[in-house]
Structures are given as structure tokens and as C-alpha cells.
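Morning, everyone. Please bring up the chain on your screens, and I will walk you through a few spots.

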Amino acid sequence: MKFFLIAGEASGDALGAALMAGLKALLPDVAFDGVGGPLMEAEGLQSRFPMEELSVMGLWEVLPKYRALKRRIAEMAAAVVASGDALITIDSPDFCLRVARAARAGRPGLRTIHYVAPSVWAWRPGRAAKMAPFIDHVLALLPFEPPYMQAAGMGCDFVGHPVVAEPRASAAEAAAFRETHMIGPDQPLVLCLPGSRRGEVARLGPRFDEALMRLRDREPGLRVVLPTVRGVAGMVREMTARWPVAPIVVESAEDKRAAFAAADLALAASGTVSLELAAARVPMVIGYDMAALSRIIFSRMLRIDTVTLVNLVSETRVIPEFIGSNCRAGPMAAALLRLLEDEAARAAQFAAMELTMQRLGEGGEPPGLRAARAVLAAL
């Protein structure tokens, strides 16, 4: 059996790789085609073009690349029609769902599965109904999502979130990371995580740097580490070299895990990374902003009072977030300082992280394998 998979960003690459591993465990003769990143490539996918071409977000950010993305949509739809027993699109709905629609039009009998339910509970609730004519089944990462998809006429399974099965560094690896980078055991270590897209890094990086500089004024021994990914690594290194106090930049998965295990707190962009931090039990502050036009449009569509996944899954609001025009250095620095000084604030976050991981499937069957079973059952 041959699956055509498409992922468009780092988080989708991780989802796709875990799914591919699960499919290989259940179907030894399975084959893959499509687009993915380094993790999917390691599982046997030969990506048709670099996944980073698709790593754009927001209306204003997409406009300059619209023609190139439209051409890729047509190319991928044609390739799907010619190759594969089923199409599995992974997140990146603006690109992936257009491919699925075009592929279904060219091959009406094609089975289509979309991995990651659209956040209809957060904004644009009509998206589920619009997907239903060309998506047969949805794999949901959050336990409260299946009823939204099923109500629109699609099959849907909650398969757990892959973050609960990702490897974590040991205490010895965390200590070794600190020793390697000459960080004392009592020195505060902060993770700076401005995103995995170039637009996010360019927009959030300077604000996060200023917030951390203000925090360093109160905590002179503060050290900062900035984990990054392949698509923006060069940009991050160039940008942070100009910061008044350059952070430690790490790119490998091993160094990233060790940094998470060694960290005392984090300043992070909104997104899946909040769950990675929760899995590592790192207290966090969330900041996010986008281009002005995108910000205006999305703020009017938003139907929830928090965008942080830990807050949503745990049904708490203990993770402070600074979104849109509130994404400013001063308030973020103050929130970080409180986490350093207030034991009760940290304890509240630890409790919410524990509940979040439990609800996402920690301790159960690996989500990639659960997703693979759901895919095969949906064919």
C-alpha cells in the first residue's frame, strides 16, 4: 500500500514521522510519497520539494508567495491523482486542504485523511463543513475535537498528541548541558522560543530579546538558550549575533531535549511548543503577534479567551499569554520574573501541565501507532 503524505511545517513533520513509523509497524510493505521535512525523510519519504516552501502563516505573509503556492497545489494534486492509495494531509490547512480538494476532483474515489482537526472551536467554525465534501476522516490531537468533525459529516478519532511519546532528556543529560555551556546549577536558564517560521522569528525575536534583557536586569546571572529548526536556523544565528547578549543557539534534537530538561522557565511563541514545554514541565510565558492585517482579521474571528493549548486542555488559565498588541517586552518580562520568584505560580503551572499530559494520552499507546490504526480502519 502506498500513501501520499503532505506536511508543511516542523510540527507537521513530527506528526508525519510518527504516523509513518506506526504504518511501517503495521504494514511492513508500506510505501510513501509526498512532501515532508527531515523527520519524515528519516522514515523513508523522499520529499518532492523542501517542506520549508510551505512554512508561511497569516494572510499578509502568504500574499507574496501566492503564485508559487498555487503552482505547488496544482503539482501536488496531479501527483496524488497519479500516485498513492490514499492521501494523508498533515496540518497546514491552507495548502493541504486545497490539494485534497483538487485531488478528489481529479480522482473521486480517492480516500482522504487529514491529520490535525482544524480549530473550529477557536475560530471559523464553518471550516469543518467545508472540508467534509473532500475529506473522509480526521485524526484529532485534542480530546474534545471529534464531536465537531463528526457533526460536519466526517469520521474522526482522537489519537493522542505525539508530544506525550517524544523522548525526553534525563537529569544527567540536563546537568551535562549546563556544564558544557558553563551554566551554574543556581543560574536561571530561560528558553527563548520565537517560532519555527521566518515571519514569526523576525517579528517576535526582537521583542523576546528585549523582554529577556529586562529580566536580566533583575537577574544578572540569567542565561538564555534558543532552540531552533532547520528552516530558520541560519536566520536565527544571524539575528541573535546582533543581540546585546547573544543566547546559546542549539539546533539538534538532542541539544533541544537537553535544553528543555535543564531550563527553569521559557518565553515561547503560541503553538505546539507550549505542549513540548508542558511535557518537560517547564513553566512558561506565551507571546505572539502577526502582521497588522492578519491580526485585525483573526482577532475578530477568535471565539476563545486563550490561545495557549495547555490552558485549553487543562481547562485552566494559569499560563500567562501576551497576544497581538499585548505582545510587549515589559509585561512579558514581568510575567517571567513572577515565575522565577513566585512558587505558587510555578506550582499552578506544574499542576496544569500534569493534567494536560494525562488528557493527551501520556502513558498510553504511542499516538503515532494510534494514528496508524485509525488510518487503516478508515480506508
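Which residues are linked in a network of salt bridges? They are Arg168, Arg281, Glu354 and Glu362. Before I go on, keep in mind that this is a predicted model.

Arg168 and Glu362 form a salt bridge, and their closest N and O atoms are 2.7 Å apart. Arg168 sits in the loop between β6 (155-158) and α8 (171-180), while Glu362 sits in the loop between α16 (343-359) and α17 (367-378), so this pair ties together parts that are 194 residues apart in sequence. Arg168 has 40% relative accessibility, so it counts as partly exposed. Glu362 is partly exposed too, because its relative accessibility is 28%.

How many salt bridges does a search of the whole structure find? The count is 21. Two others deserve a stop.

Go to Glu43 and Lys24. Their side chains meet in a salt bridge, at 2.7 Å from N to O. Glu43 is in the loop between α2 (38-42) and α3 (59-62), and Lys24 is in helix α1 (residues 10-26). The two are 19 residues apart, and the pair links distant parts of the chain. Glu43 is partly exposed, at 23% relative accessibility. Lys24 is partly exposed as well, with a relative accessible area of 32%.

One step along from there is Ala25, also found in helix α1. Buried or exposed? Ala25 is exposed, because its relative accessible area is 57% and the cut-off for exposed is over 50%. For a sense of scale, take Ala25 and Ala266. They are 241 residues apart along the chain, and their C-alpha atoms are separated by 36 Å.

Next stop, helix α4. Here Arg72 forms a salt bridge with Glu75, with 2.8 Å between the closest N and O atoms. Both are in α4 (residues 66-82), three residues apart, so about one helical turn separates them. Glu75 is partly exposed, at 33% relative accessibility.

Now check the helix as a whole. α4 has 17 residues, and at 1.5 Å a residue it should span 24 Å. Its end C-alpha atoms are 25 Å apart, which agrees.

Which residues of α4 are buried? Leu69, Ile73, Met76, Ala77, Ala79 and Val80. Turn the helix and look down the axis.

Last stop: a pair of helices. Two packed helices are described by the angle between their axes and the distance between the axes. So, α15 and α16. The axes of α15 (residues 329-341) and α16 come within 5 Å and cross at roughly 95 degrees. That angle is between 65 and 115 degrees, so α15 is roughly perpendicular to α16. Which residues make the contact? From α15, they are Arg338, Leu339, Leu340 and Glu341. From α16, they are Glu343, Ala345, Arg346 and Gln349.

To close, back to the opening network. Arg168, Arg281, Glu354 and Glu362 are the residues it links. Find them on your own screen, then follow Arg168 to its salt bridge with Glu362. Thanks, everyone.

Key. Residues are numbered from 1 along each chain as its sequence is written. This is a predicted model: local features need pLDDT of at least 70, side-chain atom pairs count only at pLDDT 80 or more; totals for chains, interfaces and linings use all residues. Side-chain values use heavy atoms; hydrogens and water are left out. A salt bridge is a side-chain nitrogen of Lys or Arg within 4 Å of a carboxyl oxygen of Asp or Glu. Helices (H or I, at least four residues) and strands (E, at least two) are DSSP runs, numbered from the N terminus. Buried means under 20% relative accessible area, exposed over 50%, partly exposed in between (1.4 Å probe, protein chains only). The expected span of a helix is 1.5 Å times one less than its number of residues. Axes are lines fitted to C-alpha atoms, for helices over the stretch in contact, and angles run from 0 to 180 degrees between N-to-C directions. Angles under 35 degrees count as roughly parallel, over 145 as roughly antiparallel, 65 to 115 as roughly perpendicular and the rest as oblique. Contact means heavy atoms within 4.5 Å.
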